[in-house]
Amino acid sequence: MMSSGSSVFRVGISFAIVCIFYVPTIDSLPELSPQKYFSTLQPGKASLAYFCQADSPRTSVFLEELNEAVRPLQDYGISVAKVNCVKEETSRYCGKEKDLMKAYLFKGNILLREFPTDTLFDVNAIVAHVLFALLFNEVKYITNLEDLQNIENALKGKANIVFSYVRAIGIPEHRAVMEAAFVYGTTYQFVLTTEIALLESIGSEDVENARLYFFHCKLVLDLTQQCRSTLMEQPLTTLNIHLFIKIMKAPLLTEVADDPQQVSTVHLQLGLPLVFIVSQQATYEADRRTAEWVAWRLLGKAGVLLLLRDSLEVNIPQHANVVFKRAEKGVPMEFLVLHDVDLIISHVENNIHVEEIQEDEDDDVEGPDIDTQDDEVAETVYRDRKRKLPLELTVELTEETFNATVMASDNIVLFYVDWQAVSMAFLQSYIDVAIKLKGTSTMLLTRINCADWPDVCTKQNVTEFPFVKMYKKGKNPVSYTGMLGTEDLLKFIQLNRISYPVNITSIQEAEEYLSGELYKDLISYSSMSVLGLFSPNMTTAKEDFSEAGNYLKGYVITGIYSEEDVSLLSNKYAATLPALLLARHTEGKIESIPLASTHAQDVVQIITDALLETFPEITVENLPSYFRLQKPLLILFSDGSINPQYKNAILTLVKQKYLDSFTPCWLNLHDFMEKKHL
Amino acid sequence: MGLSALAPLWSSPGLLLVIALHPALSVPTHRDYCVLGAGPAGLQMAYFLQRAGRDYAVFERTQRPGSFFTRYPRHRKLISINKRYTGNANSEFNLRHDWNSLLSHDPRLLFRHYSRAYFPDAHDMVRYLGDFTDTLGLRVLYNTTITHVTLDKDQRAWNGHYFILTDQKGQVHQCSVLLVATGLSVPNQVDFPGSEYVEGYESVSVDPEDFVGQNVLILGRGNSAFETADNILGVTNFIHMLSRSRVRLSWATHYVGDLRAINNGLLDTYQLKSLDGLLESDLTDLAILKDSKGKFHVTLKFFLEEAGTNQSTDSITLPQDDNDNFAMRVPYDRVIRCLGWNFDFSIFNKSLRLNSGNAFGKKYPLIRASYESKGSRGLFVLGTASHSVDYRKSAGGFIHGFRYTARAVHRLLEHRHHGIAWPATELPITQLTSSIVRRVNEASGLYQMFGVLADVVLLKENATAFEYLEEFPLQMVAQLEMLTGRKAQHGLFVIIMEYGRNFSGPDKDVFFDNRSVGQTEDAWQSNFLHPVIYYYRHLPTEQEVRFRPAHWPLPRPTAIHHIVEDFLTDWTAPIGHILPLRRFLENCLDTDLRSFYAESCFLFALTRQKLPPFCQQGYLRMQGLVSTESLRQHRVESWLPRNHAATDSRLEDSSQQPGDHEPLDAPMAPGPLAQSLDSNKEEL
């Protein structure tokens with residue numbers, strides 16, 4: 001009494017556990033201890049369990065596949081679990097060694113089969129094997145023709161057979177067959193083989209792929225007669241097999257006396273066309289034989305009906321003996337005159353619209369826009385490919401002309417490759433520079449296509465494209481490292497007309513230099529002129545400054561003054577030697593900075609820092625130089641130009657050192673939104 | 001001391017005898033590198049050694065380079081093409097269609113300056129090789145026949161032993177590394193009764209007059225057999241050709257060693273008018289009998305054995321006695337053997353363990369994919385003799401192939417013995433797509449040595465930069481770090497050229513409809529030579545290379561990409577070639593390799609946390625790309641970059657989709673790759 005009570009109690013508990021485990025986590029693999037697992041088994045219910053050591057890795061390829069199989073198996077009422085073998089609860093299903101763990105299939109608490117994990121190599125194999133084991137009676141596995149004939153003979157006049165060949169057990173086709181057997185196993189006898197020889201012996205030419213035949217044995221009453229068979233022509237997928245069996249189930253031939261337009265059969269619903277054989281009372285018997293003959297030939301391809309013209313209310317053309325009706329809606333029926341059965345067959349076969357049913361979801365993901373360019377440079381260059389550029393404004397160099405040209409005069413060389421979008425985009429800017437410089441510059445603008453002349457480019461140490469180098473007589477070539485655009489390149493070329501630092505020789509010249517008079521035509525390219533002041537004996541400092549000036553050539557105008565009377569200048573601008581005078585031309589200001597360290601690198605740093613403004617408008621061109629400071633940008637957004645009041649307010653804050661940890665700047669929101677909309 | 005005493009050796013053979021008698025000379029002269037043979041491969045190696053300033057010498061039997069070509073091919077026409085015009089200025093590309101030149105820095109030393117003929121005369125090759133040697137000043141010891149090579153164990157030696165070479169005068173040379181470039185020099189002979197009546201290709205007359213009105217049987221089915229037939233086709237009664245295997249046409253096999261169209265005149269007359277003919281039989285089953293009139297009859301060895309030794313030739317059973325329409329029932333006036341060549345193993349001492357391969361490679365010494373002998377470290381085989389590596393596959397047995405493998409061997413040696421890492425260019429990741437596009441469009445080594453040599457991209461940490469290595473021997477990829485001195489810790493791309501998997505073969509119809517693929521989606525089905533890029537997260541192991549899938553040049557990659565074949569072999573189409581390649585690279589590296597104008601980078605910099613590499617490495621370093629007015633206009637018209645977000649949230653590369661057809665065309669883990677790429681791009 002006590003014991004039975006407790007067992008009822010336990011069932012109740014286990015049911016609760018099942019609910020907790022299965023319902024909320026419908027498709028994840030439950031993990032149980034052996035004892036718990038066995039308590040969940042229900043009579044008549046199948047369950048697949050994988051027994052593994054508790055300390056085994058939590059993930060493995062097998063577990064991933066098993067996890068994937070949870071949901072499909074659940075559709076067939078089969079539960080799946082991972083059973084962790086713990087030391088306290090040894091079970092005979094827990095293998096001794098880690099790699100000898102197996103999966104077991106139970107029905108109720110009866111062990112049906114055990115599977116080494118390598119037979120369950122993927123989700124298809126898992127589903128296929130489990131169903132195969134459960135449908136042991138419904139699906140007969142055979143290996144030779146004799147077996148097949150025996151089954152055939154046994155079922156003649158009784159039931160039809162679904163015979164299939166798959167190349168191996170556990171592959172997707174096998175799974176598809178098993179899934180069909182699960183549904184139709186009681187209606188039809190399923191027979192399965194993996195023997196090519198067997199397939200060949202029933203006359204199949206194609207032994208490469210899985211095959212499925214429907215044997216019409218139920219109709220056979222004479223035991224000496226063979227069962228007719230129909231081959232399924234579509235690939236073996238679950239859906240295709242279902243469709244095929246449905247069609248096989250439909251009557252071979254239907255007699256109708258209605259308007260063919262209104263007639264619909266299962267064929268039409270499944271996307272197959274209908275063939276009406278038009279019959280008259282007088283020829284009914286012959287027509288029926290013809291129609292049956294046609295129906296057998298078209299089995300699986302079209303539905304065949306016998307249309308009795310005499311009792312028909314609608315008119316069909318006088319001579320038409322066949323009506324062809326497609327499954328697609330809105331396609332008019334065809335009224336045909338065909339005097340040969342083969343013509344009917346071929347007409348149907350030529351007009352079947354084979355709709356490939358893609359079961360593989362992955363195929364659908366294939367990017368609809370795989371051909372859509374998402375690189376803006378490539379796209380714009382491509383769109384612009386037909387516009388003719390005035391390339392003649394630049395000289396195209398070759399392997400033969402390169403050395404002679406760069407030796408003969410001052411050159412700017414663009415190294416590019418003609419199939420590379422970035423190269424071709426920059427080539428446009430380069431041509432723009434040529435247009436702007438046309439007839440005014442001594443600098444020759446040349447270009448070389450490295451796709452044609454790789455050796456030249458390699459010898460010039462150019463490995464990235466596009467790349468610009470300046471070659472000046474008697475000097476080492478200089479690589480251009482500025483923005484790849486018209487403005488910056490033009491500035492580089494213009495500023496490079498003179499060499500840096502400029503040697504200033506008199507006080508008067510120095511004043512002209514600082515006021516911008518000396519290089520009037522250049523100061524539009526450099527908003528600041530730098531003058532280094534040194535005593536004549538500061539040799540190292542002068543050398544370092546020269547190096548820095550040379551480094552900055554093409555970007556800033558630099559000059560040097562180290563005559564005996566240098567003190568006149570240093571006194572005037574309150575500088576202690578060595579010092580830098582910075583002339584900001586736009587503001588008309590000259591400030592001095594003492595040079596604590598005269599290392600070239602430091603000088604370069606001082607000058608580049610000096611080029612930055614305290615409260616700049618942030619633009620496409622200057623953002624990188626402020627970004628480099630690695631301080632957060634404090635941006636004042638302004639609709640249009642900045643209000644001077646705000647500007648002063650910020651400048652005051654800067655002066656009071658409140659904003660030292662930021663880079664204060666302002667952004668013209670008006671321009672920005674425009675860019676954004678581009 | 002030793003060197004100065006030896007100096008006259010090279011210049012003055014007259015002095016040689018006198019000095020040779022001097023006892024001091026029994027002291028071996030040492031060289032770091034010894035090259036055997038001044039043929040194309042030996043000279044090519046000498047060139048690289050010379051440029052690297054290495055201590056080397058080339059030993060040559062005769063008095064000039066390229067002696068093989070003074071006699072062979074017998075009919076003097078080289079079947080290696082000398083394409084002087086390609087319509088392309090790119091010198092590297094042009095080597096794809098120049099099968100005769102050796103590699104050098106000197107553009108004068110290109111074969112097209114030596115012959116105007118598309119199929120040049122062999123004399124021009126001799127002249128070319130002579131000029132190559134003289135112009136570059138390669139150090140060749142002529143008239144020096146190495147008669148014996150053995151090993152001398154020595155701990156101090158680079159490889160634990162020296163190679164000891166003895167020449168015909170007894171002079172001994174000690175070498176740290178031995179480079180064998182002696183080609184195949186021993187005619188292949190098949191032994192059967194009556195083989196003594198057979199004339200060899202090496203000595204048969206080349207004057208058609210000698211064959212007027214004769215019935216000729218040629219044994220063999222290679223280019224030498226067809227070349228011999230072509231020469232006499234017009235004057236003989238008929239020519240029959242006999243060999244064990246079916247004829248292999250090089251246009252079908254894509255192997256230049258098979259029968260070339262230029263030599264196939266006999267196929268015409270055979271198939272059109274049943275005049276001449278091809279027959280298949282195992283030569284070892286045959287016997288040739290000479291009758292009383294001096295004519296030759298083909299019979300079976302079996303009949304001969306049956307008849308015993310005492311029978312007169314006329315009474316021995318002939319196949320036609322039983323079978324009166326036997327194909328070879330007519331008597332022949334001449335039988336010519338054109339059965340190819342074998343490597344000369346005779347001078348190598350057993351201690352070198354230089355063995356012949358098995359299977360098809362009996363005529364070649366057994367070597368590794370690094371061209372180093374399996375038997376002794378430091379012994380490399382170059383040139384034609386090294387063809388076992390890619391026999392019937394690629395071009396390693398021919399000048400246009402082994403000129404590249406010699407360079408690869410040299411690079412391996414430079415690293416092994418001189419600490420010079422395999423040359424590589426380090427570039428920012430933004431240049432990755434362009435670097436690959438550039439190489440697949442111009443590289444000749446990848447093209448000629450398809451499936452054997454590969455370019456390798458070694459990624460740097462976080463895939464911000466990469467090193468590009470050219471023409472590394474594919475099969476050695478597992479040992480790449482050790483062989484090149486480069487690090488492959490962060491994944492790699494391997495770039496090779498391939499034909500379609502099922503395209504090449506002796507009986508394949510290569511002209512079938514739809515043989516070429518045009519759609520990007522079908523790129524993996526490309527048949528003609530096309531670039532394929534393999535991506536590995538980790539360097540494959542030796543095991544993985546050895547047990548790679550059959551017919552695969554490399555083990556299973558993490559992801560693979562085929563660039564669709566191109567009729568013009570021009571893989572620069574923006575949408576058809578570059579875009580899919582870029583997406584593949586992006587998916588592998590989980591990064592964005594698109595290029596952007598400065599305006600876009602500016603926007604990104606102000607609105608996103610992370611910038612694409614092109615903006616990081618360009619714009620933010622003040623090297624942004626500025627658009628021009630007209631480009632800006634197009635940018636407005638196109639949807640770019642406004643719709644970035646919309647287009648980014650999708651899977652990118654079709655070649656990465658798991659296909660049913662070729663599972664390997666998909667990455668092992670397509671999900672994570674694609675997803676992480678998405679997430680990364682969305683940040684923009």
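Trainee: What makes β21(A) and strand β23 (residues 557–561) of chain A a pair?

Mentor: This is a predicted model. In it, β21(A) and β23(A) share two bridges, in the parallel sense. Pairing takes at least two bridges, so the two strands count as paired.

Trainee: Which residue is the bridge partner of A:N503 in β23(A)?

Mentor: A:I560.

Trainee: Where do these strands sit in the sheet, and what is the strand order?

Mentor: The order is β21-β23-β22-β24-β25 in chain A, an open sheet of five strands with mixed pairing.

Trainee: Why are β21 (502–503) and β25 (589–594) of chain A called edge strands?

Mentor: Each pairs on one side only.

Trainee: Now the helices. Why are α13(A) and α20(B) called roughly perpendicular?

Mentor: The axes of α13 (residues 376–383) of chain A and α20 (residues 629–637) of chain B cross at roughly 110 degrees. The class runs from 65 to 115 degrees. The two helices are therefore roughly perpendicular to each other. Their axes come within 9 Å.

Trainee: Which residues meet there?

Mentor: From α13(A), A:E376, A:T380, A:V381 and A:R383; from α20(B), B:L631, B:H634, B:R635 and B:E637. By class, the contact has two nonpolar, two polar and four charged residues.

Trainee: Which residues of α10(A) are buried?

Mentor: A:D287, A:A291, A:V294, A:A295 and A:W296. Their cover includes β12 (274–279), β13 (303–308) and α11 (341–351) of chain A.

Notes: Residues are numbered from 1 along each chain as its sequence is written. Chains are lettered from A and ligands numbered from 1 in the order in which they are written. This is a predicted model: local features need pLDDT of at least 70, side-chain atom pairs count only at pLDDT 80 or more; totals for chains, interfaces and linings use all residues. Side-chain values use heavy atoms; hydrogens and water are left out. Axes are lines fitted to C-alpha atoms, for helices over the stretch in contact, and angles run from 0 to 180 degrees between N-to-C directions. Helices (H or I, at least four residues) and strands (E, at least two) are DSSP runs, numbered from the N terminus. Angles under 35 degrees count as roughly parallel, over 145 as roughly antiparallel, 65 to 115 as roughly perpendicular and the rest as oblique. Contact means heavy atoms within 4.5 Å. Ala, Val, Leu, Ile, Met, Phe, Trp, Tyr, Cys and Pro count as nonpolar, Asp, Glu, Lys and Arg as charged, and the others, Gly among them, as polar. Buried means under 20% relative accessible area, exposed over 50%, partly exposed in between (1.4 Å probe, protein chains only).
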